[in-house]
Amino acid sequence: MTPRQLTPRGLTLRELTIRLIVLATAILGLNYIIWRWMVSINWDAWWIAVPLVLAETYSLLDSLLFGVTMWRYRQRDTAPPPPAGLTVDVFITTYNEPLDLVMGTARAARNIEYPHRTWILDDGNRAELRAIAEAEGIGWITRSEDWANRPRHAKAGNLNNALLATDGEFMLILDADQMPDPKILDHTLGYFNDRKMALVQTPQVFVNVPPNDPLGSQAPLFYGPIQQGKDGWNAAFFCGSNAIIRREALMQLGVMRYVSETELALNKALKTADKVVAKARRQLGPGQERLAAALNTVAADLQQVRRELSEGQAIADVTYRFQERVDAVARNLVAEDFAALHAELNSIEGLSRTIDVDGSLAVVDDVALERLSQRDWSPLGAVETVRVLIDSVNAEKAGEAQAVMPLATISVTEDMATCMRLHSLGWESAYHHEKLADGLAPEDLDSMLTQRLRWAQGTMQVMFRENPLLQKGLSVAQRLMYLATMWSYLSGFAAVAYIAAPVIYLVLGILPVQSLSNEFFLRLIPFLVINQILFMVVGRGVKTWRGQQYSLALFPTWIKSVTSAFGNVFLGRDLDFRVTPKTLQERNRLPWHLVRPQLIAMAVLILAAVAGVIRLLLGQGDVLGSSVNFVWIAFDLLIFSVVIEAVRYPGYDAWLDSNKTKEVSR
Amino acid sequence: MIEFTNETLANGVGVIRPVGRLNMVSAPHLGANIDALISDGTVRLVVDLAGTDFIDSSGLGALITGLKKTRQAGGDLRLANPTAQITAVLEMTNLNRVLQPVASVDGAY
């Protein structure tokens, strides 16, 4: 670590410079956008003017949130060496990755120097993998039987299952394609000397990516300044892999969620209980008097639950006694049924002649009676709504494999939601900026797009389900840090406005601003310049351009993530309606179809430029306006050009081969 | 929640097929179906349980009542194709010794 020059207020010069640039960005940005809203909108063409100014406002907020992130930018010193004797489990999560890959990572994990146990969490339940792993002294865990026919919750479920099967104080989580460095624990466990530290995230860096990174796999701005900025606000993110977590924090989270979810479910159930029972009774026809009487008893029991809860008795005790009373009701019903049944059997003439009706039949044993009274076979189950009601007044979560789910299951990306919950309980997190694992990134456009879609969908699910602005226990800055990441995934809508505006101007001559006056440029250009300076200073030589390109160029993916997550959270629709067709035929030709919207956008932009030239030649266009829009279109095309590179990218091995051939031919 | 598709075979055997859950609410319907067949003169009955996912103690009661009534009318009631849960309940209560289920409707008589 380089020696740090501190200013009087304890900031390094670099930190101070960043703050000054952030302030300048905010002032110049507001100077532009306020003027845009107040003065410049061309209301005659509101249908494009308003979307454009909204898109610009979106981008400005994005930039301001980035500024807030950078305000507390911090580089942590090296962690102190960890004390000896901590117990650590290393988890390698896998579903269907090739065995060689999983075992490669598992062996590297086994060779981590700090004493630990290594486990493969095999969601694919592969006997072959188990045999290889156990032969090499590596643990193998798959889902317990409890998970049969219950929601599996993907990776979060896999980890939650392993949490109950292991007992280390800390766990290192690794994706199957993240090969760890032997020092990974020695360099990070020391942070946990701080008793409130719950999580340490290290970067995800990929080794199978060419320097020009055609698929935008590396995220040097995120695993660097952004995480370091979030860290400054105690909001370093958990990113699913290459992170070390304190078990106690996760378990506390799981237990607290369990308690609050139980309370919530109980209150909800009690709220509707009377209605449900009354409705069930009304729907019973003639001949159902016994059931009606049983329901009356259940209704009275529910009243008692309410009374006891309002007296402040423990939920577990109250619900346990309720379940006992309900079980007694069921047992009575079964006993009555059997009494009647035996009376019938004994009265059937000739039955004893055909078969042997002896004592063993006359008395149904207690075991059978007990079993037939249990909730799943109970006669009370005849009224489905009442059965559901009884189940929900119950501290067990029958619908889930485990009552306690430490890793959040509300999203397809469990990491962000879990991390936010940890922060809201007052735990701390750290970002350790040192590459301690070699990762493998997707090598084809199709997988890359699927992966980005999933991340974006997961983030949107969290935004809709547990919006950071509404969570208790988070500081204002922490809320903004979570919002910043969610906000950045909304860029798809802005991209559409940025494509449409120049096209509309060049084809129709309609300007979304009142005039391209000097004032417009004087307010806009300084902001754009200072914004780029901020990126340059913050990024300090890292390549941020790919990221900027993809944040606009993948606009169809981003838009789809928002609409599908909205449909999933609010309309109960399935997230994945996409089938991945991977036929050989399609691999033989370039996958242009995957970026069709981008190609159409590029064609439209080019045609619009041609139209603009024609209009100029005909003397219809304004030279200044057209020039600005030509530059704009050129910028858009430069952004979108990344998808052409991405489509043509043959994968890392093929890229290596072709580079070797080039060198030889030279 | 429960439906009955009944038929009378060429040999005069009545087949009752309860589809759904045979429980405290639906058991009286089974009784009514049996009564109807008996009053039509069909007294040799098979209850085909292939579509019956579940039975509780009330459902068992309805079957035994059906057995009694068919016997009184000079016929019989037999069970065919029990699903796993029904087999378990019959075995646990020893009722499989009274109502021994058969694998198919055709083999019932």
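User: What share of the contacts in chain A with a separation of 6 or more comes from residues 24 or more positions apart?
Analyst: Such residues account for 82% of those contacts in chain A, where two residues are in contact if their C-beta atoms, placed from the backbone, lie within 7 Å. This is a predicted model, in which local features need pLDDT of at least 70 and side-chain atom pairs count only at pLDDT 80 or more, while totals for chains, interfaces and linings use all residues. Residues are numbered from 1 along each chain as its sequence is written, and chains are lettered from A, with ligands numbered from 1, in the order in which they are written.

User: Which domains does the assignment give for chain A?
Analyst: The assignment gives domain 1 (13-71 + 487-659), domain 2 (88-247 + 403-441) and domain 3 (285-382), with bounds that come from an automatic or database domain assignment. The C-alpha centres of domain 1 and domain 3 of chain A lie 67 Å apart.

User: Switching to A:Asn208, where is it found?
Analyst: A:Asn208 is in the loop between strand 7 (205-206) and helix 6 of chain A, and it is partly exposed, as 17 other C-beta atoms lie within 10 Å. Leaving aside neighbours within four places in sequence, A:Asn208 is in contact with A:Leu440, A:Ala441, A:Glu443 and A:Tyr652.

User: What about A:Asn242, what is its phi near?
Analyst: Phi of A:Asn242 is near 65 degrees, a positive value in a residue other than glycine. As background, most residues other than glycine have a negative phi. A:Asn242 sits in the loop between helix 6 (222-232) and strand 8 (243-246) of chain A.

User: Is A:Asn242 buried or exposed?
Analyst: A:Asn242 is buried, because 27 other C-beta atoms lie within 10 Å. In chain B, B:Asn94 also has a positive phi near 65 degrees, and B:Asn94 lies in the segment after helix 3 of chain B, where it is partly exposed with 17 other C-beta atoms within 10 Å.

User: At what angle do helix 1 and helix 2 of chain B pack?
Analyst: Helix 1 (residues 27-39) and helix 2 (residues 57-72) of chain B pack at about 15 degrees with their axes 9 Å apart, the axes being lines fitted to C-alpha atoms over the stretch in contact, and angles running from 0 to 180 degrees between N-to-C directions. That makes helix 1 of chain B roughly parallel to helix 2 of chain B, since angles under 35 degrees count as roughly parallel, over 145 as roughly antiparallel, 65 to 115 as roughly perpendicular and the rest as oblique. Residues making the contact include B:Leu30 and B:Ile34 of helix 1 and B:Ala62 and B:Thr65 of helix 2.

User: Which classes do the residues of that contact of helix 1 with helix 2 of chain B divide into?
Analyst: They divide into five nonpolar, seven polar and one charged, with Ala, Val, Leu, Ile, Met, Phe, Trp, Tyr, Cys and Pro counted as nonpolar, Asp, Glu, Lys and Arg as charged, and the others, Gly among them, as polar.

User: How many residues does each chain bring to the contact between chain B and chain A?
Analyst: The contact takes 20 residues from chain B and 28 residues from chain A. On the side of chain B that touches chain A, helix 2 of chain B gives the most, with nine residues, and by class that side has nine nonpolar, seven polar and four charged residues.

User: Back in chain A, how do helix 17 and helix 20 cross?
Analyst: The axes of helix 17 (residues 491-508) and helix 20 (residues 555-571) of chain A come within 7 Å and cross at roughly 130 degrees, and the two helices are therefore oblique to each other. Among the residues making the contact are A:Phe493 of helix 17 and A:Trp558 of helix 20, and the contact divides into six nonpolar, two polar and no charged residues.

Notes: Helices (H or I, at least four residues) and strands (E, at least two) are DSSP runs, numbered from the N terminus. A residue is buried if 20 or more other C-beta atoms lie within 10 Å of its own, exposed if 12 or fewer, and partly exposed in between; C-beta atoms are placed from the backbone.
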